[in-house]
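The sequence and structure are shown first, and the description follows.

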Amino acid sequence: MEIDVQQMIFEFIGGLGIFLFGLKYLGDGLQRTAGERLREILDKFTSNPFMGVLAGLFVTVLVQSSTTTTVLTVGLVNAGFMTFRQAIGVIMGANIGTTVTAFIIGIDVGAYGLPIIAVGSFLLFFFKSKKVANWGQTVFGLGALFFGLDVMSEGMKPLRSLEAFQELTLSMSDNPILGVVIGTLFTVIVQSSSATIGILQQLFGEGLMDLQAALPVLFGDNVGTTITAVLAAIGASVGAKRAAAAHVIFNVLGAAVFLILLVPFYAFVDWLRVTLDLNPEMTIAFAHGSFNIANTIVQFPFIALLAWIVMRIVPGEDSLIEYKPQHLDPIFIEQSPSLALDQAKEEVIRMGEYAYKGLEETSLYLNNKQQKHSELAMQIEEALNNLDRKITDYLVDLSQAQLSDEDSHKHTALMDSVRDIERIGDHFENIIELIDYKNSNKVILTEQAIDDLNEMFDLTLMTVKQATKSLEGMDREEALSVVQKENELDRMERTFRKKHIIRMNEGVCTGQAGIVFVDMLSNLERIGDHAVNIAEEVLGEKESL
């Protein structure tokens, strides 16, 4: 008996491991196959809560994980891409989308897990094309998912002879709350509601649990899956915390309502099973799908109320970073190109202010190593990339319009400045990566090196601020001051490099620390170059008028 128990545990945890790996691999493959457009889908199609539900559903089907969709949504809210109310719709849709995995499991192809893995491996290893490899990964993940379930199912078969397990399932039939608690705890541990639903399908399929005991566990799985969004929101913005809180409230309320309606819901699922002649696994899949769809339909009209409640629970201001342009109205391109140019300039100035803020956060990260500074700087970098694309597209459209000579020069200056500001973002991202490298590899910079870096950071920050200011007012004096500061930055970089070589020769500084230090200096110097490019646009424009 001892060996059987060991084998049972090994088959169960091994099967669960293969299942979770398959699920992740399947999701990653689908994500790659679908292209990196998931954020765009969520961003574009969440204009109202109903569209949010559809977008959440679609993305979750693609990545095979409501958790991934929710974490993506938390990130988008965090970054100001999406309002909190839009996020509630997406989270509701994600809950429906996650039921697709249960339907895939319900299709009785467990025996074909190994051949599906073989097909996936063949596509992965014998084709050079990235597209085919992505499909191979998807197929392999699907096969591993089935194979893992099969192994797990074998491991669970001996449970029927265990008296303790029989007593537990009987208690769950009599006490639905116990089922909810078990479902919640197991999903929190495994971090995947798809896995716990898969296990439930196997238990029900093996006749180890009746439907009355299985349904509350299913409700608990939905509550447990919210833990990942909660973890993702720790330390994130107010908006992200709200999205996570909405996810928890939505799922807990759903479980509570359906516990009260357990008897009619049980009758409905049993009717579905008989009418559609469903196998046990598909019965659970339909129960899961019905529960999530009904939960969304019931709570959808109360999105505004849910948002109001969450805003009371999690008070505070929303994200400070707006990814989206605020001034670029296409109507001005037709009506008044000159006004459109002013709109574009407003956005470029905003971009310049973000670049300054990102650089400031990078400087703080160097000195106090707090992750929040690095995260904010990286968000700003993403915002800069997004604004760069949007402003450039707007200016390209604007170039088709009839522009006066003065406006034409201004147009060129803005086009070039956008690119320079975006490059500033790339350079402070490089510095963050160097700081990460320094921290994770325990590279020690000398006190003198840190002082030198801070001195150069301060001057670079002043240069970026002044460059933006010179562009805003087309101010020649400010622009000349930027050129002067950049010359000073060049001198500073040369001096600090020399001091660093002296420290190296004296053995005060390691080679590794030296590389990090010199790379940071050169990134700061390059930021100065881009600030001067902006100033020269201002000087050039003034000269050409």
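Ser-417 is buried in this predicted model, with a relative accessible area of 0%. The residue belongs to helix 21, which spans residues 405–440. Apart from neighbours within four places in sequence, Ser-417 is in contact with Val-348, Leu-471, Ile-534 and Glu-537.

Asn-251 is likewise a buried residue, with a relative accessible area of 1%; because the cut-off for burial is under 20%, Asn-251 counts as buried. Asn-251 lies in helix 14 (residues 238–260). Residues up to four places away in sequence aside, Asn-251 touches Asn-95, Asn-222, Val-223, Thr-225 and Thr-226.

For the protein as a whole, buried residues make up 53% of the 545 residues. The secondary structure consists of 24 helices and zero strands. Of the contacts between residues at least 6 apart in sequence, 81% join residues at least 24 apart.

| Helix pair | Axis approach | Crossing angle |
|---|---|---|
| Helix 7 (residues 113–126) and helix 8 (residues 130–156) | within 7 Å | roughly 160 degrees |
| Helix 6 (residues 99–106) and helix 16 (residues 280–299) | within 8 Å | roughly 165 degrees |

How do helix 7 and helix 8 run, roughly parallel or roughly antiparallel? Their axes cross at roughly 160 degrees, and helix 7 is therefore roughly antiparallel to helix 8. Helix 7 passes helix 8 in a left-handed crossing. On the side of helix 7, the residues in contact include Gly-113, Leu-114, Ile-116, Ile-117 and Val-119. Helix 8 contributes, among others, Val-132, Ala-133, Trp-135, Gly-136 and Gln-137. By class, this contact has 15 nonpolar, six polar and no charged residues.

Helix 6 and helix 16 are also roughly antiparallel to each other, and their crossing is left-handed. In helix 6, Thr-99, Ala-102, Phe-103, Ile-105 and Gly-106 take part in the contact. Their counterparts in helix 16 are Glu-281, Met-282, Ala-285, Phe-286, His-288, Gly-289 and Asn-292. These residues divide into six nonpolar, five polar and one charged.

Where do the buried residues of helix 6 lie around its axis? The buried residues are Thr-99, Thr-101, Ala-102, Ile-105 and Gly-106. Viewed down the axis of helix 6, they fall within an arc of 150 degrees, so they line one face of the helix. As background, an α-helix has 3.6 residues a turn, so residues three or four places apart point the same way.

Most residues other than glycine have a negative phi. Lys-369, however, has a positive phi near 60 degrees. Lys-369 is situated in the loop between helix 19 (337–368) and helix 20 (371–398). With a relative accessible area of 51%, Lys-369 is exposed; the cut-off for this class is over 50%.

Lys-442 also has a positive phi, of about 50 degrees, although it is not a glycine. The loop that holds Lys-442 runs between helix 21 and helix 22 (447–473). Lys-442 counts as exposed, at 68% relative accessibility.

Note on methods: Residues are numbered from 1 along each chain as its sequence is written. This is a predicted model: local features need pLDDT of at least 70, side-chain atom pairs count only at pLDDT 80 or more; totals for chains, interfaces and linings use all residues. Side-chain values use heavy atoms; hydrogens and water are left out. Helices (H or I, at least four residues) and strands (E, at least two) are DSSP runs, numbered from the N terminus. Buried means under 20% relative accessible area, exposed over 50%, partly exposed in between (1.4 Å probe, protein chains only). Contact means heavy atoms within 4.5 Å. Axes are lines fitted to C-alpha atoms, for helices over the stretch in contact, and angles run from 0 to 180 degrees between N-to-C directions. Angles under 35 degrees count as roughly parallel, over 145 as roughly antiparallel, 65 to 115 as roughly perpendicular and the rest as oblique. A crossing is left-handed if the near helix is turned anticlockwise from the far one by less than a right angle, and right-handed if clockwise. Ala, Val, Leu, Ile, Met, Phe, Trp, Tyr, Cys and Pro count as nonpolar, Asp, Glu, Lys and Arg as charged, and the others, Gly among them, as polar. The arc is that of the directions from the helix axis to the C-beta atoms.
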